[in-house]
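Welcome! Have the sequence and the 3D view open side by side, and let us walk through them together.

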Amino acid sequence: MEVSVQPLGERFAAIPGDNLLKALTDRQIPISYSCLSGRCGTCRCKVVSGDVQEAGGYAYRHHAGNDTAGETGADARYVLACQATVHGDCEIELPEVDEVVVHPAKILKATVLAIEPLTHDIQRLVLKPAKPLSFSPGQYATLQFTPDHIRPYSMAGIDADGTLEFHIRRVPGGAVTGYVAEQLKVGDAVRVSGPLGTSYLRTRHEGPMLCVAGGTGLAPVLSIVRGAVARGMTNPIEIYVGARSPSDVYGLEWLRELAARHDGIVRLHVVTTTGEPVVSEVLADVSDSSNSFDTSVVPSDSGPSYRLGHVTDAVAADFASADALAGWRAYLCGAPPMVDAATALLRARGIDAAHIYADAFYANAA
């Protein structure tokens with residue numbers, strides 16, 4: 001029985017029933033993984049052909065927008081390698097073999113260091129883990145405040161901080177967010193499980209980056225931009241932040257501070273569905289006449305730069321041609337409707353489907 005691995009062109013013999021992830025790692029074939037339990041999605045891979053079976057009822061389908069061009073979610077079959085076994089000749093396809101990350105998932109005890117408001121309904125939660133937690137910028141963790149109050153949240157910082165920062169918006173009627181807002185206090189213990197998620201910073205990419213955040217989806221975007229700055233990456237970065245109203249906008253000063261330390265262009269577009277529209281701003285620039293970015297827009301002295309409408313409409317207006325985003329990498333985080341709409345738009349604007357990284361979060365039972 002033979003397993004063929006693309007795009008590497010590797011082939012190896014396997015025994016029926018072999019765990020796919022173990023078979024790959026035993027042969028030092030590069031594949032990202034983390035939790036080993038089917039929760040994080042990091043080890044997803046595509047089954048091109050052959051007999052690969054999912055164990056324990058796992059039937060992983062990653063975000064539909066990430067299917068390769070011309071395929072639908074029904075046509076493309078994906079499995080989690082840690083939960084899959086091979087039972088016959090097969091061909092699999094691994095994503096981004098040059099961007100492999102391995103962060104062993106942990107369950108840690110952490111202590112609440114700070115809880116402070118960011119807006120009228122968003123709080124900044126800072127935890128001190130009992131042991132260091134290694135993660136890639138953009139990943140998330142599951143927080144257990146009590147046995148009845150458990151939710152996943154994206155990290156807003158980087159692992160070098162030594163603390164874990166999360167941004168939590170209170171959802172009306174939400175059990176977990178209500179607990180955080182009303183009962184959680186400094187000194188309380190929180191159980192942290194992670195890291196999880198595949199929408200992490202691709203550090204080998206040298207081209208432009210597009211970050212689209214809705215609401216507290218800004219947290220992983222901050223993590224990604226911080227990670228890029230910490231690694232000395234010089235990629236031009238376009239950041240689109242969507243919010244319901246100006247009162248829901250936060251984090252702009254953090255982005256400006258990061259832009260001042262970034263050796264490249266960072267442009268920020270804040271889009272609200274209500275409020276007065278004003279111009280976008282260039283947060284940072286470099287003296288490079290060869291770049292293709294419009295640097296004629298300057299920051300407004302009157303305050304933050306807001307645009308009126310939906311964040312996806314702003315992206316569509318700024319990148320109007322069919323191939324305007326060819327060669328870019330995109331990071332999306334927010335409510336599923338925004339992520340779905342942005343994914344479809346970015347594919348239409350030329351971003352390779354495999355280079356759109358998305359973590360959608362759901363407010364149900366929050």
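This is a predicted model: local features need pLDDT of at least 70, side-chain atom pairs count only at pLDDT 80 or more; totals for chains, interfaces and linings use all residues.

Residues are numbered from 1 along each chain as its sequence is written, and side-chain values use heavy atoms, leaving out hydrogens and water.

Q: How many helices and strands are there in the chain?
A: Helices (H or I, at least four residues) and strands (E, at least two) are DSSP runs, numbered from the N terminus. Counted this way, the chain has 6 helices and 19 strands.

Q: What percentage of the 366 residues count as buried?
A: A residue is buried under 20% relative accessible area, exposed over 50% and partly exposed in between, using a 1.4 Å probe and protein chains only. For the 366 residues of this chain, the buried part comes to 53%.

Q: Among contacts between residues at least 6 apart in sequence, what percentage join residues at least 24 apart?
A: Contact means heavy atoms within 4.5 Å. Taking the contacts in the chain between residues at least 6 apart in sequence, the share that joins residues at least 24 apart is 74%.

Q: Which residues touch the most other members of the largest nonpolar core?
A: A nonpolar core is a set of buried Ala, Val, Leu, Ile, Met, Phe, Trp, Tyr and Cys residues joined through side-chain atoms within 4.5 Å. The largest one here has 29 residues. The two that touch the most other members are Leu-218 and Ile-239.

Q: Which helix gives the most to this core?
A: At least two core residues each come from strand E13 (209-214), helix H3 (218-230), strand E14 (237-243), helix H4 (252-261) and strand E15 (266-272). With 7 residues, the top contributor is H3.

Q: Is E13 enclosed or open to the outside?
A: One side of E13 carries Met-209, Cys-211 and Ala-213, the other Leu-210, Val-212 and Gly-214, and all of these are buried. Because 6 of the 6 residues of E13 are buried, the strand is largely enclosed.

Q: Which residue in E14 does Cys-211 stand opposite?
A: Two strands pair if DSSP finds at least two bridges between them. E13 and E14 pair in the parallel sense over 6 bridges, and E13 also pairs in the parallel sense with strand E18 (residues 329-334) over 5 bridges. In E14, the residue opposite Cys-211 is Ile-239.

Q: What kind of unit do E13, H3 and E14 make?
A: A crossover is right-handed if, with the strands pointing away from the viewer, the path from the first strand over the helix to the second runs clockwise. By that rule, E13, H3 and E14 make a right-handed β-α-β unit.

Q: Which are the edge strands of the open sheet of 6 strands?
A: The pairing in this sheet is antiparallel, and the order is E10-E9-E12-E7-E8-E11. An edge strand here pairs on one side only, and the edges are strand E10 (149-154) and strand E11 (164-169).

Q: Is Thr-142 buried or exposed?
A: Thr-142 lies in strand E9 (residues 140-146). Leaving aside neighbours within four places in sequence, Thr-142 is in contact with residues including Ile-150, Pro-152 and Val-192. Because its relative accessibility is 17%, Thr-142 counts as buried.

Q: Where does Pro-195 lie?
A: Most peptide bonds are trans. A cis bond joins Gly-194 and Pro-195, with omega about 5°, and another joins Gln-6 and Pro-7, also with omega about 5°. Pro-7 lies in the loop between strand E1 (2-6) and strand E2 (10-13), while Pro-195 lies in strand E12 (residues 189-196).

Q: What is the phi of Gln-28?
A: Most residues other than glycine have a negative phi. Gln-28 lies in the loop between helix H1 (20-26) and strand E4 (44-54), and is exposed with a relative accessible area of 72%. Although not a glycine, Gln-28 has a positive phi of about 55°.

Q: How many disulfides does the count come to?
A: A disulfide is a pair of cysteine sulfur atoms within 2.5 Å. The sulfur of Cys-43 is 3.7 Å from the closest cysteine sulfur, in Cys-82, so that pair is too far apart for a bond. Under this rule the count of disulfides is 0.
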